Amino acid sequence: MTTSYEDVLLQVGQVRYKKGDGTLYVMSERLAWMLDNRDTVSVSHRYTDIKMQKISPEGKAKIQLQVVLHDNTTSTFQFVNRAGPQTALRERDQVKDLLFQLLPKFKRKVNKELEEKNRLLSENPALLQLYKDLVITQVISPEEFWSQHAVNYTQKQQNQKQQIGVSSAFLADIKPQTDGCNGLKYNLTADIIECIFKTYPAVRKKHLEYVPTKMTESEFWTKFFQSHYFHRDRIHTGTKDLFTECAKLDDQEMKKDMSAGVQDPLVDLTAFEDKTLGEGYGSTSEKPTGTQNIVHQSMIKRFNQHSIMVLKAFQQSNDSNKTQGETTHTTINNNENKCVTQPHVNGDILPGTSGENSDESRVKKMRIQEKVRYNDLDGDCDILNSNNVKTLNLTKVERYLHGPLAGTNESNSSVENIAKSCDRLRQCVSSWNLNQVNRSHVVSVNPQSAVSALGELTPGGALMKGFHEESLAQLVPPSLEKDLHHLYMSGCELLRHFWACFPPTTNELQEKVIRMHEALHRFHSARLKPFEERVMCEFSPLSHQLTNHLNQLLSTAYSKFELWQSRRKPSLR
C-alpha cells in the first residue's frame with residue numbers, strides 16, 4: 001500500500017504485468033504497479049535498484065517497457081490502452097522520458113557513496129586490510145563493516161572537511177569546450193557551483209526556486225551561461241531573462257554593504273583617493289568629475305562585490321568558530337565556579353556602569369590589542385588559553401622518539417666529518433682518569449667476579465639454562481610476521497565489539513552479542529585455522545606457539561558467551 005508522503009509524478013492506467021491489468025505509478029523515489037481493484041502494490045522497484053530501462057522496437061505489436069535491476073532481474077510492463085496503439089505508445093514514451101530524468105539522479109548518489117568508500121580504503125591501508133580479512137572472507141557483511149568497524153574513519157573524514165575559498169578567477173577558469181555542433185559545453189564541478197553560490201547568492205535563490213520543480217540542473221546552468229547576468233559586462237542592458245532580477249538584488253546588497261561601511265575603527269575608507277601628485281605638490285584636492293567608461297565602472301563594481309562576498313564567507317566561518325569556542329569556555333567557567341569575580345582591566349566598562357559608546361569603545365580597544373599584543377610573547381597566554389592548547393600530531397612517531405636513522409636522506413655526514421668526530425671522541429676518552437680519592441664508600445667489583453657474572457648471564461650459562469639460542473622472534477620470517485599482525489588486527493577488532501556489548505542490558509546489545517559471537521566463530525574457521533595449518537606445514541618448529549595467545553582470547557570470549565547464555569535461559573523461562 002502506498003504511503004501518504006510519496007509524490008506520484010505520473011500515473012498510467014491499463015498497463016499489463018504478467019497477464020494482469022493494473023496501473024503504473026512513477027513516484028519520486030520508486031516505480032510501482034498496482035493490480036486493478038486492489039489496494040496493495042504488487043510490484044515496487046526503487047530507482048537506486050534499477051540498472052537500466054529498455055523499450056520494445058518500433059513496429060512491434062506489443063508496446064512494452066522493461067526495467068533491469070542490478071541483480072539482472074527484469075520486470076516487463078505492456079501498455080494496452082483501449083484507445084489504440086498510438087495512445088499506448090505516447091504513454092509508454094512519457095514513462096520512458098520521466099525515468100530517463102529520474103534514474104541518473106539516484107545513480108549518481110550510489111556512485112558517490114561507492115567512490116567515497118573506495119577513497120577511504122585506498123587512503124587507509126589498515127582499513128583496507130581489515131576489509132579484506134572480515135568482508136572478503138564473509139566473516140561479517142559489508143553493511144555491518146561500514147556501520148560499526150569503519151565509523152572512526154568516516155567520522156574523522158567528516159571532521160577534516162574544510163570549506164574551500166573563492167578564487168578571484170573561478171569564472172575565467174571555466175573553459176568551455178566545443179561539442180562539434182556549433183555549441184559550447186561547460187564542465188561544472190561541485191566546487192565551482194559552490195563558488196558561484198558564494199559569490200552570487202541571488203543565483204542560489206533562483207536555483208532553489210527552479211530546480212528541480214521547473215527545470216533540470218543542466219537546463220538551469222545552460223540558461224545561466226547564456227543569460228545577460230553572466231555576460232552583463234559584454235553586452236548592453238535591456239534584455240530580460242531568468243536572471244534579470246539577480247543583478248538588481250546584487251545592487252541592493254552592495255548598497256547595504258556600502259552604507260554599513262567597514263566595522264573597523266582603525267580603517268577609514270573615505271580617506272582613500274587617487275593621488276597623482278606627490279606630497280607637498282599641488283594646491284587643491286578636487287576629485288575628477290569627468291564621466292568614466294560604463295563598462296569600466298561595472299567591472300570595478302563587480303570586483304568590489306566579489307571581494308565583499310569573499311570577506312563575508314570568511315567572516316561567517318570565523319564567527320561560527322568563535323561562537324563554539326565562547327560557548328565551550330563559558331561552560332567550563334560555569335562548571336568550575338559560578339561565584340568567581342573576574343578582574344577588570346583598566347579601560348573596561350564595569351557591568352554596573354553605562355556609557356554611550358560602550359560597544360564602539362570595546363571594539364576599538366580589541367582592535368588596538370590585536371595590533372600591539374603578541375600571543376607567543378605573552379607569558380600569561382598559555383595559562384589563560386590552556387583549554388585551547390593544540391596537541392602535537394605526529395605522523396611518524398619513531399622519528400620523533402629515536403631521531404634521524406642511518407641511511408635516511410637527512411644524513412649528510414661525510415667520511416671526513418665521521419673521522420673528525422672519532423678523533424675528538426678518542427681525545428676526550430684519553431683525558432678520563434679514575435679518581436677514587438675520598439670515595440672509600442664506593443664498592444668496586446674485581447675483574448674476575450665481573451667476568452664470571454657475565455658468563456652466568458650469557459645464553460648457556462648457569463642462570464640462562466632455559467634460554468633457547470634461537471628465540472621465537474628470530475624464527476618467524478617477515479612475511480609470516482606480517483600475516484600474524486593482520487590476523488591479530490582483525491581478531492582484536494571483532495573482540496573489541498564483542499566485549500563492548502557487556503553487560504547486554506538492551507535488546508540491541510543482546511542481538512549484537514549474538515552476531516559478534518557468530519562472527520568470531522566464522523573468523524576462527526575462515527582465518528585462524530587456515531593460518532595454523534599453513535604454519536604447521538611450512539614452519540613446523542613453530543607449531544601452535546604463534547597462535548596460542550589468540551586462541552586464549554577467543555576461548556575466553558566463548559566462555560563468557562556460554563556463561564551469559566546459561567544465566568539468560570532461566571530468566572527466559
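Trainee: In what kind of contact do the side chains of Arg 119 and Glu 116 meet, and at what N to O distance?

Mentor: Keep in mind throughout that this is a predicted model. The side chains of Arg 119 and Glu 116 meet in a salt bridge, with 2.4 Å from N to O. Side chains of opposite charge can pair when their charged atoms come close.

Start with where the two residues sit. Arg 119 and Glu 116 both belong to helix H1 (residues 85–123), and because they are three residues apart, about one helical turn separates them. Arg 119 has 27% relative accessibility, so it counts as partly exposed. Glu 116 is also classed as partly exposed, at 35%.

Now compare a pair that reaches across the sequence. Asp 133 and Arg 527 join their side chains in a salt bridge of 3.3 Å, N to O. Asp 133 is in helix H2 (residues 125–136) and Arg 527 is in helix H17, so this pair ties together parts that lie 394 residues apart in sequence. The cover on the two partners can be read from their accessibility. Asp 133 counts as buried because its relative accessibility is 3%, and buried means under 20%. Arg 527 has a relative accessible area of 21%, so it is partly exposed.

Helix H17 takes part in another such pair. Arg 534 and Asp 483 meet through their side chains in a salt bridge of 2.5 Å, N to O. Here too distant parts of the chain are linked: Arg 534 is in helix H17 and Asp 483 is in helix H16, 51 residues apart. Both ends are partly exposed, with Arg 534 at 28% and Asp 483 at 26%. Back at the pair you asked about, salt bridges with shared partners join Glu 116, Arg 119 and Glu 123 into one network. A search of the whole structure finds twelve salt bridges.

His 517 has a relative accessible area of 12%, so it is buried. If neighbours within four places in sequence are set aside, His 517 is in contact with Phe 498, Tyr 558 and Phe 561. The loop between helix H16 (478–499) and helix H17 (507–538) holds Pro 503. The peptide bond from Phe 502 to Pro 503 is cis, with omega near -5 degrees. Most residues other than glycine have a negative phi, and most peptide bonds are trans.

Seven strands make an open sheet with antiparallel pairing, in the order E4-E3-E2-E1-E7-E6-E5. Strand E4 (41–46) and strand E5 (50–55) are the edge strands, each pairing on one side only. Strand E1 (residues 8–17) pairs with strand E2 (residues 20–27) over seven bridges. Lys 18 is in the loop between E1 and E2, and it has a positive phi of about 55 degrees although it is not a glycine. Lys 18 counts as exposed because its relative accessibility is 69%.

Further along, E2 and E3 form a hairpin with two residues between them, and E3 is mostly covered, with five of its six residues buried. E3 and E4 form a hairpin with five residues between them, and Asn 37 in that turn has a positive phi of about 60 degrees. Asn 37 is exposed, with a relative accessible area of 82%.

The protein chain has 18 helices and nine strands, and 26% of its 573 residues count as buried. Among contacts between residues at least 6 apart in sequence, 52% join residues at least 24 apart. The pair of Asp 133 and Arg 527 is one you can trace yourself, from helix H2 to helix H17.

How values were computed. Residues numbered from 1 in each chain as written. Predicted model: local features only at pLDDT ≥ 70, side-chain atom pairs only at ≥ 80, totals over all residues. Heavy atoms only, no water. Pairing = 2+ DSSP bridges. Helix = DSSP H or I, 4+ residues; strand = E, 2+ residues; numbered from the N terminus. Buried < 20%, exposed > 50% of the residue type's maximum accessible area, 1.4 Å probe, protein only. Contact = heavy atoms within 4.5 Å. Salt bridge = Lys/Arg side-chain N within 4 Å of Asp/Glu carboxyl O.
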